[in-house]
Number of protein chains: 4
Amino acid sequence: MKDILDNKNKEIKCLDLGFVKIVDCMPRLIPYTEDSADFAIAEAARCSYQRGTKKISNDRGLIRHLMRSCHTSPFEQIEFKFHMKMPIFVARQLIRHRSANVNELSGRFSEMPDEYFLPPLDDIRIQSEKNKQGSDGNFDINNSENILNSIHLSSENSFNLYKEFLYLNMTREQARIVLPLNTYTEWYWKIDLHNLLHFLSLRCDEHSQKETREYAEAILELISPIVPITIEAWEDYDRLRGGISLTKLEIEAIKNSLSGQNLQLFDIDSNNKREKEEWVEKAKKLGF
Amino acid sequence: MKDILDNKNKEIKCLDLGFVKIVDCMPRLIPYTEDSADFAIAEAARCSYQRGTKKISNDRGLIRHLMRSCHTSPFEQIEFKFHMKMPIFVARQLIRHRSANVNELSGRFSEMPDEYFLPPLDDIRIQSEKNKQGSDGNFDINNSENILNSIHLSSENSFNLYKEFLYLNMTREQARIVLPLNTYTEWYWKIDLHNLLHFLSLRCDEHSQKETREYAEAILELISPIVPITIEAWEDYDRLRGGISLTKLEIEAIKNSLSGQNLQLFDIDSNNKREKEEWVEKAKKLGF
Amino acid sequence: MKDILDNKNKEIKCLDLGFVKIVDCMPRLIPYTEDSADFAIAEAARCSYQRGTKKISNDRGLIRHLMRSCHTSPFEQIEFKFHMKMPIFVARQLIRHRSANVNELSGRFSEMPDEYFLPPLDDIRIQSEKNKQGSDGNFDINNSENILNSIHLSSENSFNLYKEFLYLNMTREQARIVLPLNTYTEWYWKIDLHNLLHFLSLRCDEHSQKETREYAEAILELISPIVPITIEAWEDYDRLRGGISLTKLEIEAIKNSLSGQNLQLFDIDSNNKREKEEWVEKAKKLGF
Amino acid sequence: MKDILDNKNKEIKCLDLGFVKIVDCMPRLIPYTEDSADFAIAEAARCSYQRGTKKISNDRGLIRHLMRSCHTSPFEQIEFKFHMKMPIFVARQLIRHRSANVNELSGRFSEMPDEYFLPPLDDIRIQSEKNKQGSDGNFDINNSENILNSIHLSSENSFNLYKEFLYLNMTREQARIVLPLNTYTEWYWKIDLHNLLHFLSLRCDEHSQKETREYAEAILELISPIVPITIEAWEDYDRLRGGISLTKLEIEAIKNSLSGQNLQLFDIDSNNKREKEEWVEKAKKLGF
């Protein structure tokens, strides 16, 4: 048996002061004959599917089939544990993934370290008009410097006040309420591979907040060499990665287009502007 | 306020002795101005999305957008409670949906009623060669009658033995071990709409066992008039309903086909037989 | 059928600007013959336990038995939905209860309202020496006024900066990172009664942060008239309410005390200071 | 680092043909300086509690404190994976513990192996009058032999019919419905330590069905040398192990007894027969 984490990158820095470390995984010890932890998925799946029937191809074929067919339970047999440090506004998004086991730094028990996130000067973003959750370019250097200075100053003021409160011997649980959302926190975060892939689909996506995406991408990078076959299948099939999902209306549009031998972009039968725009985007991806 | 269950069908018979009854739902009382319970989804979503921004269209547009974008949490704000009676082999499949709250008839506390499932004479199925989970036509009438009689006799024998054991005053918990998997059980089953839709996608699908599918379809029929806008969106968008999911390999195949102005069916770049077959099926649906 | 929420208090103010509103519950409509929603717990339990056996007393007896025996699943058949407004530092504690369904105001979609929590002048607490999570009295009026003014000013500065950022058209998702943890947020929060009681045990407890406890106590007050029999049983039996839990070491101490006819307080066999202190406290409750 | 599973018992036989095997655990590799996997609980807890405060004693003290105070999340950081083989009526009880990840042998995909549970001759139990879920002694040898023969014959008949159905090429999914509840199935079962302890409390208890208890006890035996400090704390504190829980009524009774210097057994203020009996039992344990 060998340690799957040997010779693997175990930590990635995120943002200015944050990180994702991989603390542990299951399986941790793998047979010398294996190259990755993917075998444990196939092993669990074979308990369900293999008995008394002929071998369903090799591990790769089986894992890809499980992924395509949404037979998700074997992926739950793999578990990852991370140590992460991130600003509270990022932690608040991650915590919504309720299947994870979490132990977070407690601001009641402990003094919060004097660490807060400052965006890089070249990533102070302008609000998008169209996309309420999105941005549309960055501020120019002057504006960016002003904004960054303001964030810096405001954060420093908040932390100074916090430390003053602690000096006065105010309860930690009350003193912390003046701390800003860019304050760094940290936690142990443990999750199975099925739920982690769901998390990665949503949080590596371009609609995810960029700061949070940085953590999702770090996790993806850390686990890719551990379960490479699974990640390859996920990249090929997931609707938010290499794949795509088509609605009934869009299928109709394609059929019309093809039957008319008219490969121009067809409209879909919807009076919803956003739904139409989504179709235009997908149609381009398909080569129409 | 009016009772959303008024004038609704509340019970559907399933198989020979089973049923699904809708016991309750949340919201149960809806404003006189509403036609369905869908409004409660939009109401919860607006708590997240609407504040300080312009109104995102009407409820229908909002619900369809949530469904397309996999913003699933507002659908969790709707809850359904069912009373169901089904054979144990069906219950064993349903119980795998872990987000449901369940109270099942206990064979330790109570005597199991003398009721077991017998398949209809015209639905004794022949094992499919290709699909391990599937069937390929039915037996002829003679074979079917013989099989059905055997099931009947075997079930009766098992129940007679069970009742003899109880008569001898054997513990119920041990006596029941001779009962067959077609024994009827019943339960209260409560689940939120998001998880219920996931259940319905999988269990209304043609790959689901037919006997279980009958329960899923009964549930779909019961809830459709209660949340019609949600069900319409789900039928339009879900990959196992009206929609479809395309893999990276399939998108490539479509692009090649279109760019070559060759509308013949293109191969996908996979040496996996099953993956190729799945593509053929999808290509047909798209009109290639 | 009658509406269980009729003539019930549906909203309680919490802290300075927060609230808990009960939006809905299941069951919402109850038979005219019932006084509360407790019957639905007994109804579900009887599906498990009652069949073919004599009636297990009345609903109250059954519910109390279920509670004493930790037969928790029937309590999951009751569901509550709340609309809550609370500071982010409170929301961060509540969100750890992962079984709830949540739709929270999004600071990416929406501008955060200019509302923040200020503690009352007579509740600015001094850090306890012994209890890292606790307090030990309040500051005098002068100190309290100074602290409160500082919190006020700091919060105002943060919100002014936030609004300036929005005015410059900075992305909402980035601008919000300067907001403090006492910023008010709101959400829809839906949870079943079993998990809610677990939440109430922990969060109505004196070890819970006082600000969070105020929300837990408001919820308890709102649901008590809806499921009075369940709440009575919970108050009588729960180890963090009227009940108590004794460890093996404490049981040994009691036995020694009684056998020696020596009713003085006996030591427990532990070299852990905290464990001994806990026993002293429990022994007093028991009348030793 | 060393393999925590080295030199550990990894498999325990259960019932006549069943087993529990420990497949994996997290952490699997532990530092040479550690004796058990308990350290990973303390490590996660220290992420929450330790920062900026003095060290809370050693790992054992910390773990015992966490257990006493129901700070359960650090125990979720430990994970176990088992391969189990058990009769279906046992599997149906275990599956109710919804936090486990499960991959079960599928009777749709695979032919069910011809293996069924037969109770040992000296454990054919007589139904208890008082305890609906319990037994009251065993049958005499003659009755036991007769019953056992009947179970054997009935199981054999069912399996013969099943095999005949498969020979006729009936779908596996339908053929299996005649199989009895004592048919052996198997699965991979993965669960975190917090939820596993909750499972063990309920299923090692004397109220659990004896056949299921055998599996719970096997699991307890397998994990005890892996997390010995945690198991010791659990044995000392859990209300269904060495500990006890007292209700408000029972506390009142103890106080009355002690204040009157009357150490006779006092009644509790309840007209519920079962509640009174429970008190009598607890009072004996306490030495009254």
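## A helix pair in chain C

In this predicted model, Phe199(C), Leu200(C) and Arg203(C) of helix H6(C) meet Thr212(C), Arg213(C), Ala216(C), Ile219(C) and Leu220(C) of helix H7(C). Sorted by class, the residues in this contact of H6(C) with H7(C) are 5 nonpolar, 1 polar and 2 charged.

H6 of chain C covers residues 193-203 and H7 of chain C covers residues 210-223, and the two pack with their axes 9 Å apart and at an angle of about 135°. An angle over 145 degrees would count as roughly antiparallel, and one from 65 to 115 as roughly perpendicular; H6(C) and H7(C) are therefore oblique to each other. The crossing that H6(C) and H7(C) make is left-handed.

## Chains A and C

Two copies of a chain are related by a rotation about an axis and a shift along it. For chain A and chain C, the superposition takes a rotation of 180° with 0.0 Å of shift along its axis, and it leaves an RMSD of 0.0 Å. The two copies are thus related as by a two-fold rotation axis. Within chain A, the C-alpha nearest that axis belongs to Pro180(A), which lies 2.0 Å from it.

Of the interface residues of chain A, 100% are also interface residues in chain C, so these copies meet through the same surface.

## Chains B and D

Between chain B and chain D, 39 residues of chain B are in contact with 39 residues of chain D. On the side of chain B that touches chain D, the elements that give two or more residues are strand E7 (125-127), helix H4 (141-167) and helix H5 (172-175) of chain B. H4(B) gives the most to this side, with 9 residues. By class, the residues on the side of chain B that touches chain D comprise 19 nonpolar, 13 polar and 7 charged.

## Confidence of the prediction

The mean pLDDT of chain A is 93, and 95% of the residues of chain A reach 70 or more. Where pLDDT is low, the predicted coordinates should not be read in detail. For the complex, the predictor gives an ipTM of 0.94 and a pTM of 0.96.

Key: Residues numbered from 1 in each chain as written. Chains lettered and ligands numbered in written order. Predicted model: local features only at pLDDT ≥ 70, side-chain atom pairs only at ≥ 80, totals over all residues. Least-squares fit on C-alpha atoms with pLDDT ≥ 70 in both. Contact = placed C-beta atoms within 7 Å. Axes fitted to C-alpha atoms, helices over the stretch in contact; angles between N-to-C directions. Helix = DSSP H or I, 4+ residues; strand = E, 2+ residues; numbered from the N terminus. Parallel < 35°, antiparallel > 145°, perpendicular 65-115°, else oblique. Left-handed = near helix turned anticlockwise from the far one by under 90°. Nonpolar A, V, L, I, M, F, W, Y, C, P; charged D, E, K, R; others polar. pLDDT = per-residue confidence, 0-100.
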